[in-house]
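Here are some exercises to work through with the model open beside you. Try each task before you read its solution.

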Amino acid sequence: MAITAQEVNKLRQMTGAGMMDCKKALVEADGDFDKAIEVLRKKGQKLSEKRADRATNEGSVYVRTSEDGSEAILVTLTCETDFVAKNADFQSLGNEIADAAMASKPADVAALKALSLGEQTVHEKVTEYVGKIGEKLDITKYEILSGDQVVSYIHSTGKLGVLVALKGVNGADVSEAGKDVAMQIAAMSPVAVDKDGVDSTVVEKEIEIGKDQARQEGKPEAMLEKIAMGKLNKFYKDNTLLSQAFVKNPKQSIQQYLDSVTKGLTVSDFKRVAIV
């Protein structure tokens with residue numbers, strides 16, 4: 001049957017797919033719009049499978065914070081190229097997914113992909129957009145964080161995001177301090193809030209490295225443990241958030257800076273996610 005330009009344009013407006021794809025879908029569906037949409041979705045599925053081995057090193061980080069500021073989510077939608085990451089359709093999809101995540105607070109990425117977006121799941125919607133955009137898309141990270149106050153930060157590239165949970169707020173406005181700490185996390189990439197949060201395997205590895213370095217320097221075997229522990233303390237100072245020198249004022253540690261804002265203010269947890 002003959003498919004008119006008006007019908008093709010209507011399907012394009014409904015789906016965002018390319019003109020030729022819409023025309024082919026309408027021809028295959030004998031002019032039935034519902035069937036044509038299904039054809040386009042299947043095309044997206046096929047394209048998604050075809051591109052399954054492609055790397056998605058571009059994309060955007062999206063954050064949402066609850067009205068009372070006590071909870072926030074972070075989600076990453078990734079793609080193959082920077083050009084697509086800046087596409088309005090891509091950004092719209094990312095924001096829609098972030099809104100759904102904030103509303104439902106799923107447990108993990110799999111649960112997020114299973115959420116409903118209208119008549120589709122998030123996964124189905126992403127697959128449909130693969131057909132529209134022509135690149136592999138994926139939700140690679142999803143984080144949720146709660147605290148007395150949670151502050152978010154997205155770096156100017158849009159590819160790095162941070163959530164930081166503060167405690168000991170005591171009714172003070174600590175949003176600026178929270179942003180300072182979030183920017184510190186973005187720049188310095190600490191491994192944990194403090195030394196108690198460092199994974200035991202990391203600690204063991206650092207001790208062994210310290211011993212090996214001291215041994216190569218010709219230090220006595222009886223001194224190796226003490227030297228290694230000194231190097232471990234230096235590791236904690238450089239790599240755990242509260243002990244790190246504050247980038248804006250290196251004479252203060254992050255904990256000292258927070259205490260100067262309001263006594264007892266500290267960080268309970270943080271999440272740092274980068275698309276690389």
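**Exercise 1. Find how many cavities of 30 Å³ or more there are, and work out what lines the largest one.**

Step 1: the count comes to one cavity of 30 Å³ or more. A cavity here is a set of points, on a 1 Å grid over the protein atoms alone, where a 1.4 Å probe fits but cannot get out. Rolling a probe the size of a water molecule over the atoms shows where empty space is left.

Step 2: the largest cavity holds about 40 Å³ of space, where volume is the space filled by probe spheres set on the points, and grid points are joined across faces, edges and corners.

Step 3: its lining is made up of Thr-15, Ala-17, Ile-37, Leu-40, Arg-41, Glu-128, Gly-131 and Lys-132; a lining residue has an atom within 4 Å of a point. (Helices are DSSP runs of H or I with at least four residues, strands are runs of E with at least two, and both are numbered from the N terminus.)

Step 4: sort the lining by type and you get three nonpolar, two polar and three charged residues. Ala, Val, Leu, Ile, Met, Phe, Trp, Tyr, Cys and Pro count as nonpolar, Asp, Glu, Lys and Arg as charged, and the others, Gly among them, as polar.

A word on the ground rules: this is a predicted model, so local features need pLDDT of at least 70 and side-chain atom pairs count only at pLDDT 80 or more, while totals for chains, interfaces and linings use all residues. Numbering starts from 1 along each chain as its sequence is written, and side-chain values use heavy atoms, with hydrogens and water left out.

**Exercise 2. Describe the largest pocket and say which helix gives the largest share of its lining.**

Step 1: a pocket is an open set of points with protein on both sides within 12 Å along at least five of seven lines. The largest pocket has about 170 Å³ of space.

Step 2: around it sit Asp-21, Lys-24, Ala-25, Glu-28, Val-39, Leu-40, Lys-42, Lys-43 and Lys-46. Helices H2 (19–28) and H3 (33–50) are the elements that give two or more residues each.

Step 3: H3 gives the largest share, five residues. By type, the lining has six charged residues, three nonpolar and no polar.

**Exercise 3. Is Ser-253 buried or exposed?**

Step 1: Ser-253 is found in strand S9 (residues 249–253).

Step 2: its relative accessible area is 16%, so Ser-253 is buried. The cut-offs are under 20% for buried and over 50% for exposed, with partly exposed in between (1.4 Å probe, protein chains only).

Step 3: leaving out residues up to four places away in sequence, Ser-253 touches Leu-242, Ser-243, Gln-244, Ala-245 and Phe-246.

How values were computed. Contact = heavy atoms within 4.5 Å.
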